[in-house]
Amino acid sequence: MEMTAVDERRMTELFENLEVPEGIKMELLRGEIVMMAGPDLVHNRIVRSVALQLPSDRWEWLMTQDIDILSEQSEPVPDLVVLKSDAGPESGRLLPSEVVTMLVEVVSKNSVDRDYGIKRSIYAAGKVPAYLIIDPIVAHCVLLTEPVGGGDEADYRVQRITKFGDSVPLDLLELELDTGEFGTLPGVRPHRRP
């Protein structure tokens, strides 16, 4: 047991000191370092569309922001982080998960299992109130709310699936998210993740 804690601490130290080449996104997910190439245009346009719909007088949105989920040995980098305008610290590389209202991940062909699996569990364990998965492979959004549990058992109690073209009710943000402009990824085999 002691060896595992030492190994995970070493992974965290290694992760925080790695030099990452331009255009590569890197995350620490439960002690495992994951690297990905830069995203598709479809992905970036969806993230932009969501960000532009958030009222800036009440909500702050951040991209490429590392989230600190201490209990999880995780430092994920969601595609979009949403928090109340005055909720976050003044500076620092890590944003504590406790101040986040919603995290958004846009699925790519290489991130399906991570976005629907380990990140769902990590974000629930970090008590993030809402996790929105936007999936341009199968053209739907999955809104997860009411996090419960801890560790590998953590999950969200409520799941709502909305097809692209319909509005996603984001009650926590007091707005309806218009998905009409969301593009899809052509030529990617559909998956069966819920």
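What percentage of the contacts in the protein chain with a separation of 6 or more comes from residues 24 or more positions apart? The figure is 57%, where contact means heavy atoms within 4.5 Å.

**Reading the views.** This is a predicted model, in which local features need pLDDT of at least 70, side-chain atom pairs count only at pLDDT 80 or more, and totals for chains, interfaces and linings use all residues. Residues are numbered from 1 along each chain as its sequence is written, and side-chain values use heavy atoms, with hydrogens and water left out.

**View 1. The whole chain is shown with its helices and strands.** The protein chain has 3 helices and 12 strands. Helices (H or I, at least four residues) and strands (E, at least two) are DSSP runs, numbered from the N terminus. The radius of gyration is 16 Å, close to the 16 Å from the globule rule for 194 residues, so the chain is as compact as a globular protein of that length. That radius is taken over C-alpha atoms, and the globule rule is 2.2 Å times the number of residues to the power 0.38. Along the principal axes, the C-alpha atoms fill a box of roughly 50 × 40 × 35 Å. Of the 194 residues, 45% are buried. Buried means under 20% relative accessible area, exposed means over 50%, and partly exposed lies in between (1.4 Å probe, protein chains only). The accessible surface is about 10500 Å², and carbon and sulfur atoms hold 50% of it. Accessible areas come from the Shrake-Rupley method with a 1.4 Å probe; for residues, only the protein chains shown count as cover.

**View 2. Leu132 is shown in the largest nonpolar core.** A nonpolar core is a set of buried Ala, Val, Leu, Ile, Met, Phe, Trp, Tyr and Cys residues joined through side-chain atoms within 4.5 Å. The largest one has 50 residues, and Leu132 and Ile134 touch the most other members. Elements that each supply at least two residues include helix H2 (41–52), helix H3 (112–125), strand S8 (130–135) and strand S9 (140–148). H3 gives the largest share, with 6 residues. Leaving out residues up to four places away in sequence, Leu132 touches Met102, Leu103, Val104, Glu105, Cys141, Val142, Leu143, Val168 and Leu177.

**View 3. Helix H3 is shown with its cover.** In H3, 11 of the 14 residues are buried, so the rest of the structure largely encloses this helix. Among the buried ones are Val112, Tyr116, Ile122 and Ala125. Their cover includes strand S1 (24–29), strand S2 (32–37), S7, S8, S9 and strand S10 (155–163). How far apart are the end C-alpha atoms of H3? They are 19 Å apart, which agrees with the 20 Å that 14 residues should span at 1.5 Å a residue. The expected span is 1.5 Å times one less than the number of residues. H3 bends by about 40 degrees at Lys119. This bend is the angle between axes fitted to the seven residues ending there and the seven starting there.

View 4. Arg45 is exposed, at 55% relative accessible area.

View 5. Is Leu54 buried or exposed? Leu54 is buried, with a relative accessible area of 6%. Asp57 is exposed, at 63% relative accessibility. Leu54 touches Trp59, Trp61, Leu80, Val82, Leu173 and Leu175, not counting residues up to four places away in sequence.

**View 6. Residues with positive phi are shown.** Most residues other than glycine have a negative phi. Lys127, which follows H3, has a positive phi near 60 degrees. Ala139 has a positive phi of about 55 degrees. Ala139 sits in the loop between S8 and S9, and is partly exposed at 24% relative accessible area. Glu146 has a positive phi near 65 degrees. Glu146 is in strand S9, and is partly exposed at 41% relative accessibility.
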